[in-house]
Amino acid sequence: MDDPAHPDMEREWARLSSFRYWPLHAVVQPQKLAGAGFFYTGHRDHVRCFYCDGGLRNWEVDNNPLIDHAKWFPRCEFVQHVLGESYIAGVQYQYFGTQEDEVVQESETSPAQHRETPEEQLHRLQEERMCKVCMDNQVSIVFVPCGHLVVCLECAPSLAECPICRTPIGGTVRTFMS
């Protein structure tokens, strides 16, 4: 097991204390975010995982922080420990139609599959094109050798390994979306 990216936020009470200035208009409770491994960055409703350093923002009323953690950062060891690989595979299948080389088993805790509405599809596609590090710019850099397209031009130079699969970055390729 790797070391956490932010060891000072390893304890849930430390993460919870970071929400002291959490925006009053934010729709997700700090307790749920801290329990899902996130701490507040101090900017709008932006949070980061203490373990994998994955960042999320623009929370909506129906968001479940732990499920969103598994959705966007399935290889995070914290979320794997909390939810288990089988459940995470179910989350990945529900949202992306992929199973990350695992068999999804039905259980009481498996997410229910449903058809996405056009609005949900549009929102998912917009999130997929957003940089997973700064969450401000569109993705434009593909990592070599893993092939993940998850960061913008500004964030790529600061990374030594892919934030999705933790593969060391051997090179990058700039992409252009039309």
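## Aromatic pairs

In this predicted model, the count of aromatic pairs comes to seven. One of them joins F19 and Y40, whose rings are stacked, with 5.9 Å from centre to centre and 15° between the planes. F19 sits in the loop between α1 (12–17) and α2 (30–35), while Y40 belongs to strand β1, so this pair ties together parts that are 21 residues apart in sequence. F19 is buried, with a relative accessible area of 6%, and Y40 is buried too, at 9%.

Now look at F50 and F78. Their ring centres are 5.2 Å apart and their planes stand at 75°, so this pair is edge-to-face. F50 lies in the loop between β2 and β3, and F78 in helix α4 (residues 77–83), so the pair links parts that are 28 residues apart in sequence. F50 is buried, with a relative accessible area of 3%; F78 is buried as well, with 13%.

Why give both a distance and an angle? A pair of aromatic rings is described by the distance of the centres and the angle of the planes.

## Strands and how they pair

Let us follow Y40 into its strand. β1 is part of an open sheet of three strands, in the order β1-β2-β3, with antiparallel pairing. The edge strands of this sheet are β1 (38–40) and β3 (55–56), each of which pairs on one side only. Between β1 and strand β2 (residues 47–49) there are three bridges, and the two strands run antiparallel.

Strand β4 (residues 141–144) is joined to strand β5 (residues 149–151) by two bridges, and the two run antiparallel. They form a hairpin with four residues between them, and G147 in the turn has a positive phi of about 85°. β4 also pairs with strand β6 (residues 171–174), in the antiparallel sense, over four bridges.

Here are bridge partners that you can look up one by one:

| Residue | Bridge partner | Strand of the partner |
|---|---|---|
| I141 | V151 | β5 |
| F143 | T172 | β6 |

When you trace a strand, keep one general point in mind. In a regular strand the side chains alternate between the two faces of the sheet.

## A buried lysine

Is K132 buried or exposed? K132 is buried, with a relative accessible area of 6%. K132 is found in the loop between α6 (118–128) and β4. A polar atom of the K132 side chain lies 2.7 Å from the backbone oxygen of M130. Leaving aside residues up to four places away in sequence, K132 touches G55, W72, F73, E127 and V150.

## Cysteines without disulfides

How many disulfides does a search of the whole structure find? The search finds zero. C52, for example, is in no disulfide, and its nearest cysteine sulfur, that of C49, is 3.7 Å away. The sulfur of C152 is 3.6 Å from the closest cysteine sulfur, in C155, which is too far for a bond. The cut-off that settles this is a pair of sulfur atoms within 2.5 Å. C52 counts as buried at 7% relative accessibility, and C152 counts as buried at 1%.

## The nonpolar cores

The largest nonpolar core has 31 residues, and those with the most contacts inside it are W22, L33, F38, V47, L56, W59 and C76. The elements that give two or more residues to this core are α2, β1, β2, α3 (65–72), α4 and α5 (85–96). Which element gives the largest share? That is α3, with four residues.

A second, separate core has 12 residues, including C131, V133, A156 and C162. Why do residues gather like this? In soluble globular proteins, nonpolar side chains tend to be buried together.

Not counting residues up to four places away in sequence, C76 touches C49, Y51, C52 and H69.

Conventions. Residues numbered from 1 in each chain as written. Predicted model: local features only at pLDDT ≥ 70, side-chain atom pairs only at ≥ 80, totals over all residues. Heavy atoms only, no water. Pairing = 2+ DSSP bridges. Phe/Tyr/Trp six-rings, centres within 6.5 Å; stacked < 30°, edge-to-face > 60°. Buried < 20%, exposed > 50% of the residue type's maximum accessible area, 1.4 Å probe, protein only. Polar contact = N/O pair within 3.5 Å; in protein donor to acceptor, adjacent residues only side chain to side chain. Contact = heavy atoms within 4.5 Å. Core = buried A, V, L, I, M, F, W, Y, C linked by side-chain atoms within 4.5 Å.
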